[in-house]
Amino acid sequence: MKMRQLFVLTLLSLGLITNIQAQPLPDKTIQYIIPFPAAGESDYVARLQAELSVRKYKQAMIVMNRAGAGGALTWGQMNNYPADGTTVVGVNIPHIILQPLQEGSQYKTNDISAIYYYHFTPDALMVSADSPYKTYQEFIDAAKKSGGKTTLAGSGQYSANHMAVERLNTFANTQITYVPYKGTGDLITSLIGMHVDGAMGYLPLAIQQKGKVRTLAVATEKRHPALPDVPTFKELGLNWVDGAYRGVAMPKATPTILKEKMSDYFALLNSDPDTRAKLEASGFVLVDIPMNQIPEFMKQKTPLVMIDAKNAGMLK
């Protein structure tokens, strides 16, 4: 965390700065746009942040869902939004790296001016609770015998879920077909009702739907306390700890001072102990990547994403 954020958090803890003074826009409302349908991970966290913003810091914040093209619809329009510091947009990695690789993309990765990343959600392989597959190996064995007919649902095309299926195909030598949905919230019914063979989703969904879905493996370093019987991919012999990173961006023309102020504010929201405990128990892995660290973070993540893109046949 950069020094300015530590300074602000320290002053708050000592009572030398009030919650009201922490407001980035005291007389305005933050328009928080989530480019996915309601009920997904991005939407859930944004609404927690907005509630905390209003309750604890008296800073008005409204969450709006503008779904389409796995987030690309909003990201392609983001730089046309007001650049007065009032607009923030949810952004996801690897989505914003992968989507611009496709012909006809309405934006480039460099068009996205991210200001803060606050968590990542580990990949999770799930099937319906009524599925005949009880273990990861049973699912993989069936997929190999199906001749490419096995399907896994996921959120968005050229997304973390999409690349996770391609990674699974590479690691397990399978030909599983990926079925994209608009967002996590849209695929739940198909997963539970077995309209698809399973889903490559995220750990929070696996925890939320525990009892309705059976999780076969998760891409974490260690087993999660909420799913103690579910093995990690590493336990199964796959070197796989990954998922989707989420954060916020602002229109590129927004003045740097306003971007830095908003980056600090989201760090403040992300530091709330009660919110952190709730998110961690739900399967979110919290990170703190402020605006000044994002260029280096992108430099580290992009080569890893490109390996998955190559395996998916997205690169010439």
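This is a predicted model: local features need pLDDT of at least 70, side-chain atom pairs count only at pLDDT 80 or more; totals for chains, interfaces and linings use all residues.
Biologist: What makes strand β5 largely enclosed by the rest of the structure?

Modeller: Strand β5 covers residues 151–155. Buried means under 20% relative accessible area. 5 of the 5 residues of β5 are buried, so the strand is largely enclosed.

Biologist: Which way do the residues of β5 point?

Modeller: T151, A153 and S155 point one way, and L152 and G154 the other way. All of them are buried. In a regular strand, side chains alternate between the two faces of the sheet.

Biologist: Why are β5 and strand β6 said to pair?

Modeller: Pairing needs at least two bridges between two strands. β5 and β6 (residues 177–181) are joined by 5 bridges, so they pair. The two strands run parallel. T151 stands opposite T177 in β6.

Biologist: How do you know that β5 pairs with strand β7?

Modeller: The cut-off is at least two bridges. β5 and β7 (residues 198–202) have 2 bridges, so the pairing counts. Its sense is parallel. L152 stands opposite G198 in β7.

Biologist: Why is the unit of β5, helix α6 and β6 called right-handed?

Modeller: Look with the strands pointing away from you. A right-handed crossover runs clockwise from the first strand over the helix to the second. The unit of β5, α6 (residues 160–172) and β6 is right-handed, so its path runs clockwise in that view.

Biologist: What makes up the lining of the largest pocket?

Modeller: The lining has 16 residues. A69, A72, L73, Q99 and S105 lie nearest the pocket's centre. Helix α3 (residues 72–77) gives the most, with 4 residues. By class, the lining has 6 nonpolar, 10 polar and no charged residues. The pocket's volume is about 240 Å³.

Biologist: What lines the second largest cavity?

Modeller: The lining has 13 residues, with F36, E41, S42, S155 and T184 nearest the centre. S155 belongs to β5 and is buried. Helix α2 (residues 41–57) gives the most to this lining, with 3 residues. The cavity's volume is about 80 Å³.

Methods
Residues are numbered from 1 along each chain as its sequence is written. Side-chain values use heavy atoms; hydrogens and water are left out. On a 1 Å grid over the protein atoms alone, a cavity is a set of points where a 1.4 Å probe fits but cannot get out, and a pocket is an open set with protein on both sides within 12 Å along at least five of seven lines; lining residues have an atom within 4 Å of a point. Grid points are joined across faces, edges and corners, and a volume is the space filled by probe spheres set on the points. Ala, Val, Leu, Ile, Met, Phe, Trp, Tyr, Cys and Pro count as nonpolar, Asp, Glu, Lys and Arg as charged, and the others, Gly among them, as polar. Buried means under 20% relative accessible area, exposed over 50%, partly exposed in between (1.4 Å probe, protein chains only).
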